[in-house]
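Open the model in a viewer and follow the stops below in order. Each one says what to select and what is there.

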Amino acid sequence: MSGLNASLGYFVAVVVFAASVRTLLRKWPRLSFMTEFASTFMLVACRLEVQTIVEVGEWAGGLGPDVTVTILFVVLLTHGVICGGASGNTNLVLLKFLQLEATTLPTLLAVAAQFLGAFLGLLAAGYYWGLELTDMHMIKNLMARECSTSLQVSLLQGFFTECVCALIFHLIHLNLERRSALIRVPLIAVLLTFLSHTASGYTSAYMNPSLAYGLTFHCPGFTFTEYAMVYWLGSLTGMTLALLLYMGHIPRIFAKNLLYCQKTRFRVPKGDKGEKKKM
């Protein structure tokens, strides 16, 4: 239990830091894109610790799969509550751009802030493991350079897994977008937990380029390009397909609806009908 207590303390510290940064940024609306930095930092830093519990906790700390799934759900739920509109998900930022809800410069700044947050989240987790507060973290610190990759299948299978998971996630997310946060946030947390647990033997279903960069790109086994093909191109393809299926078109690329016919009914005024009969 000492390992779990240390992890809970770490989670609390990361959440407090992210919430403090978001609070400070409210004073400078021009730096609103930096909320994505805080959101991604929190997501990556916490998911790295969840990954540690999954990899080492079972045999070093006596923590079973039920505990790790519960912790993952609580982390995702807390992230959704604390971060609100800042998703920490690169695909969701790009989705708003494709929907014409965001312009080019804010989108680029938000994406850059996300990858910066992911990088610093990785550094923060590495520093925490280096403290070796428990046996679990001591083992993780020794394994840090030889971490196990999340990509457990071939590149083609990995691409397909990320694409399908992203397609499912974004279709549901688009349908829940206008719902109350009380309904949307818990359902999204449940969905992400389910997809991550289901795809744990494949790619772990990150469906988020910046999250994948922070969690598995530094692990040996595949090159940067191979990771990018699976976790960036795969999830981006799934997101694009979800938007196309949901709206019938991609507003940023073309306005014509390719999938759904929109029938327009024209009503002829009664006066015009009378004039036509006289003629």
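**Stop 1: the cysteines**

Select Cys147 and Cys219: both are buried. The model is a predicted one, and it holds 1 disulfide. That disulfide is formed by Cys147 and Cys219, with sulfur atoms 2.0 Å apart. Colour by element to see that the bond joins distant parts of the chain, 72 residues apart: Cys147 sits in the loop between helix 6 and helix 7, and Cys219 in the loop between helix 9 and helix 10. The torsion about the S-S bond is about -125°, so the disulfide is left-handed.

Next select Cys46, which counts as buried because its relative accessibility is 2%. The closest cysteine sulfur to that of Cys46 belongs to Cys83 and is 9.2 Å away, too far for a bond. Cys163 is likewise in no disulfide, the nearest cysteine sulfur being that of Cys165 at 9.4 Å. Cys163 is buried, with a relative accessible area of 11%.

**Stop 2: the nonpolar cores**

Show side chains for Tyr10, Phe11, Val14, Met42, Leu48, Ile71 and Tyr231, the residues with the most contacts inside the largest nonpolar core, which has 43 residues. Elements giving two or more residues to this core include helix 1 (2–25), helix 6 (135–143), helix 9 (209–215) and helix 10 (224–247). Helix 2 supplies the largest share, 10 residues.

Centre on Leu48. Leaving aside residues up to four places away in sequence, Leu48 touches Gly121, Leu122, Ala125, Trp129, Gly214 and Leu215. Then move to a second, separate core of 18 residues, with Ala166, Phe169, Ile188 and Leu195 among them.

**Stop 3: the largest pocket**

Which residues lie closest to the centre of the largest pocket? The largest pocket holds about 910 Å³ of space. Of its 42 lining residues, Gly84, Gly85, Ala86, Ser87 and Leu92 are the closest to the centre. Elements that give two or more residues to the lining include helix 4 (90–98), helix 7 (155–176) and helix 8 (181–198). Helix 8 gives the most, with 7 residues. By class, the lining has 22 nonpolar, 13 polar and 7 charged residues.

**Stop 4: the second largest pocket**

Finish with the second largest pocket, whose volume is about 460 Å³. Select Gln51, Val54, Ser196, Ser200 and Ser204, which lie nearest its centre among 21 lining residues. Helix 2, helix 3 and helix 8 each give two or more residues to this lining, and helix 2 gives the most, with 6. The lining divides into 7 nonpolar, 11 polar and 3 charged residues.

Terms used. Residues numbered from 1 in each chain as written. Predicted model: local features only at pLDDT ≥ 70, side-chain atom pairs only at ≥ 80, totals over all residues. Heavy atoms only, no water. 1 Å grid on protein atoms, 1.4 Å probe; cavity = no way out; pocket = protein on both sides within 12 Å on 5 of 7 lines; lining within 4 Å. Points joined across faces, edges and corners; volume = space filled by probe spheres on them. Helix = DSSP H or I, 4+ residues; strand = E, 2+ residues; numbered from the N terminus. Nonpolar A, V, L, I, M, F, W, Y, C, P; charged D, E, K, R; others polar. Core = buried A, V, L, I, M, F, W, Y, C linked by side-chain atoms within 4.5 Å. Buried < 20%, exposed > 50% of the residue type's maximum accessible area, 1.4 Å probe, protein only. Contact = heavy atoms within 4.5 Å. Disulfide = S-S within 2.5 Å.
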